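Colleague: I would like a close look at one part of this model, the sheet and what surrounds it. Please walk me through it in one go.

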Amino acid sequence: YIFVEDSLWDQRVTQAAVDSIVNSFDNSTPADPTWGIFDMDTAAFGNAPDIDGDPKIVILICDVQDGFTGSGGYVQGFFDPVPEVPVNHSNKAEIYYLDANPTDLKSTTGIRSEMSTAAHEFQHMINYNYHKAGQEPTFINECCSKLAEVYCGYPTSDLSLYADETNHYLFDWRTDDRTAVLKDYS
């Protein structure tokens, strides 16, 4: 299921964009035109969780409130396990989020970039099915998500960011610094 924040509809997201996302998630990736992100990631990493008894995944396209002001790093998507926890404030569903600001989902480049993020975030969801939050070092989980992007046929990150800082400890993940964390992903 795909839901789009009302304020983004026809501004940064169109029906054509939603159709492209559905096609990429369900049917076709650059690595295999007969397998979507769902098939590719589950084949490589395991089963997706299913807390709600509905095998479908919810993708929420929104303007992630990440402090983006026109330059620097931003959150292109994320997986949060809270909606999967059966407590009162939970949606009790498998949900991950894709950002549509600054990513423009009305462009081919924007769709391709966001589908790379979709593969990445879906791996986090699968990983959560096996390793609950905090049970695995961030570096390992993020490494698997970066692998999911490449495995699905999407381009890898700019490795020069890593090359510029090879002396930083790999297990130190700098989530509080939007610029430094890009080096950690690289």
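Before you get there, what radius of gyration would a compact globule with 186 residues have, and what does the protein chain have?

Modeller: Keep in mind that this is a predicted model. A compact globule with 186 residues would have a radius of gyration near 16 Å. The protein chain has 16 Å, so the two agree. Along the principal axes, the C-alpha atoms fill a box of roughly 45 × 35 × 35 Å.

Now the elements. The protein chain has 6 helices and 4 strands. Read from the N terminus, they run β-α-α-β-β-β-α-α-α-α.

On to the sheet. Strands of a sheet pair through backbone hydrogen bonds, either parallel or antiparallel. Here the sheet is open, with 4 strands in the order β1-β2-β4-β3. Its pairing is mixed. β1 (2-4) and β3 (77-79) are the edge strands. Each has a single partner strand, so one side of each is left without a neighbour in the sheet. From one strand to the next, the twist averages 20 degrees.

β3 and β4 (residues 95-99) run antiparallel, joined by 3 bridges.

Helix α3 (residues 108-130) lies across β3 and β4. It runs at about 155 degrees to β4.

Two loops deserve a stop. Most residues other than glycine have a negative phi, and most peptide bonds are trans. D10 is not a glycine, yet its phi is positive, about 70 degrees. You will find D10 in the loop between β1 and α1. The other loop runs between β4 and α3, and P102 is found there. The peptide bond joining N101 and P102 is cis, with omega of about 25 degrees.

The largest pocket holds about 1300 Å³ of space. Its lining has 41 residues, and those closest to its centre are G77, H120, E121, E142 and Y185. β3, α3, α4 (138-151) and α6 (180-185) each supply at least two residues of the lining. The largest share comes from α3, with 9 residues. By class, the lining has 14 nonpolar, 18 polar and 9 charged residues.

To put the part together: β3 stands at an edge of the sheet, bridges to β4 and has α3 lying across it. Both β3 and α3 also supply residues to the lining of the largest pocket.

How values were computed:
Residues are numbered from 1 along each chain as its sequence is written. This is a predicted model: local features need pLDDT of at least 70, side-chain atom pairs count only at pLDDT 80 or more; totals for chains, interfaces and linings use all residues. Side-chain values use heavy atoms; hydrogens and water are left out. Two strands pair if DSSP finds at least two bridges between them. Axes are lines fitted to C-alpha atoms, for helices over the stretch in contact, and angles run from 0 to 180 degrees between N-to-C directions. Contact means heavy atoms within 4.5 Å. On a 1 Å grid over the protein atoms alone, a cavity is a set of points where a 1.4 Å probe fits but cannot get out, and a pocket is an open set with protein on both sides within 12 Å along at least five of seven lines; lining residues have an atom within 4 Å of a point. Grid points are joined across faces, edges and corners, and a volume is the space filled by probe spheres set on the points. Ala, Val, Leu, Ile, Met, Phe, Trp, Tyr, Cys and Pro count as nonpolar, Asp, Glu, Lys and Arg as charged, and the others, Gly among them, as polar. The radius of gyration is taken over C-alpha atoms; the globule rule is 2.2 Å times the number of residues to the power 0.38.
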